[in-house]
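Dear colleague,

I am handing over a structure that you have not worked with before, and I would be glad if you could look through it. My notes on it come after the structure itself.

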Amino acid sequence: MDKTEAMCTLEKRGNIFLLTLTGTDEHRLHPNLIDSIRAALHTVRSECTSSSSALITTAQGKFFSNGYDLKWALVNKARQELMSKKLRSLVSDLISLPVPTIAAVTGHASAAGFVFALCHDYIVMRKDRGFLYMSELDIGYPIPIWFTALVKCKVGSPGVWREVVLKAAKLTAEMGVERGIVDSAHDGVEETVEAGVKLGEELVRRNWDGKVYAGCRKTLYVELLNKLGSDETVGDYGDDEANKTLSKL
C-alpha cells in the first residue's frame with residue numbers, strides 16, 4: 001500500500017475528541033486512511049476511561065468521504081478483500097467505542113463514506129454543500145448485505161430504505177433531517193462542527209458509564225454486528241465489470 005497522503009488528526013478539547021480527515025482530496029477509504037482512523041479511535045478508547053467523553057468526526061475540503069478507493073481496490077480480489085475487511089473492522093470499532101459519537105458532515109458522503117457517517121450515533125450536516133448518497137446502483141457496484149443491515153438499523157422507514165438503496169437518491173442535509181437520517185442541518189463548516197461539539201458537550205454532561213453506553217449500542221445494532229463477519233460481494237467482479245465501474249467514477 002503506497003497511498004499515504006490522506007490521513008487524519010485527533011485533537012482533544014476538554015472531554016471532546018475531534019477527529020478530522022485532513023487534506024482536500026475525496027477522503028476515499030483506502031486501507032491506509034482506515035488504519036489512521038482506527039489508530040485515532042484506539043487513542044480515544046485508551047484516554048476516555050476516567051471521565052465521560054464524546055467523539056466528533058469531520059473532514060476538511062469538499063468531501064466527508066467519497067467511499068471506497070475503488071481505483072486501488074479493483075486491481076485484484078486481494079485488495080478488495082483487504083479494503084472490505086478493514087472497513088468492517090472500523091465499523092466494529094465505532095460501534096464498540098465507549099463514548100457517544102457524532103459525524104459532523106461538512107461535504108459529500110457517498111457509498112462507504114455514507115456508511116462511515118451512519119456508523120456514528122448522530123449526524124449533523126452542512127446544508128449549503130454536500131449530500132448523502134448510496135451510489136452503488138449508479139456506478140454498477142454490488143452493495144453488501146451488511147451495508148443494508150446498517151441502513152435498516154439507522155433508518156426507520158422502508159420507504160426511505162428504498163429511496164436510499166434502490167433510487168440512489170442524493171440527500172441534502174435538510175432532506176436528511178426530514179427522513180430521520182440527519183439530526184440537524186447548519187449553514188456552513190464552522191457552524192456544523194460547532195453544532196457537533198455542542199451536542200457532544202450535552203451528552204458528556206449526562207456522565208454515562210462508557211462501557212454501559214457501548215453495550216447498549218451493540219444491543220441496538222446486533223443485526224448489523226451479525227452481518228459484519230463477511231462481505232459476499234468481494235471478488236464477484238471480473239475485469240469487464242471492474243472497468244465498467246471504474247469508468248463511472
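Residues are numbered from 1 along each chain as its sequence is written, and side-chain values use heavy atoms, with hydrogens and water left out.

The chain averages a pLDDT of 92, and 93% of the residues score at least 70; pLDDT is the predictor's confidence in each residue, from 0 to 100. Over residues 1–6, however, pLDDT stays under 50, and the model has 13 contacts beyond four places in sequence for that stretch, a contact being heavy atoms within 4.5 Å. Where pLDDT is low, the predicted coordinates should not be read in detail.

The chain has twelve helices and ten strands, which are DSSP runs numbered from the N terminus (H or I over at least four residues for helices, E over at least two for strands). Its radius of gyration is 17 Å, close to the 18 Å that the globule rule gives for 249 residues, so the chain is as compact as a globular protein of that length; the radius is taken over C-alpha atoms, and the rule is 2.2 Å times the number of residues to the power 0.38. Buried residues make up 54% of the 249 residues, where buried means under 20% relative accessible area, exposed over 50%, and partly exposed in between, with a 1.4 Å probe and protein chains only. Among contacts between residues at least 6 apart in sequence, 76% join residues at least 24 apart.

Six strands form an open sheet in the order E1-E2-E3-E5-E7-E10, with mixed pairing, two strands being paired if DSSP finds at least two bridges between them. E1 and E10 are the edge strands, each pairing on one side only. E5 and E7, by contrast, pair in the parallel sense over four bridges, with alanine 104 opposite valine 124 in E7. E7 and E10 also pair in the parallel sense, over three bridges, and the bridge partner of methionine 125 in E10 is alanine 185. Four of the five residues of E7 are buried, which leaves this strand mostly covered.

Threonine 57 lies in strand E3 and counts as buried, at 1% relative accessibility. Leaving aside residues up to four places away in sequence, threonine 57 touches Leu19, Phe64, Ile102, Ala103, Ala104, Phe116 and His120.

Helix H9 (residues 189–204) has 16 residues and reaches 22 Å from its first C-alpha to its last, close to the 22 Å expected at 1.5 Å a residue, a span worked out as 1.5 Å times one less than the number of residues. Among the buried residues of H9 are Thr192, Val193, Gly196 and Leu203, and what covers the buried residues of this helix includes strands E1, E2, E3, E5, E7 and E10.

Helix H6 (residues 145–154) has Trp146, Phe147, Ala149, Leu150, Val151 and Lys154 as its buried residues. The buried residues of H6 pack against helices H3, H4, H5, H7 and H11.

With best regards

Terms used: Predicted model: local features only at pLDDT ≥ 70, side-chain atom pairs only at ≥ 80, totals over all residues.
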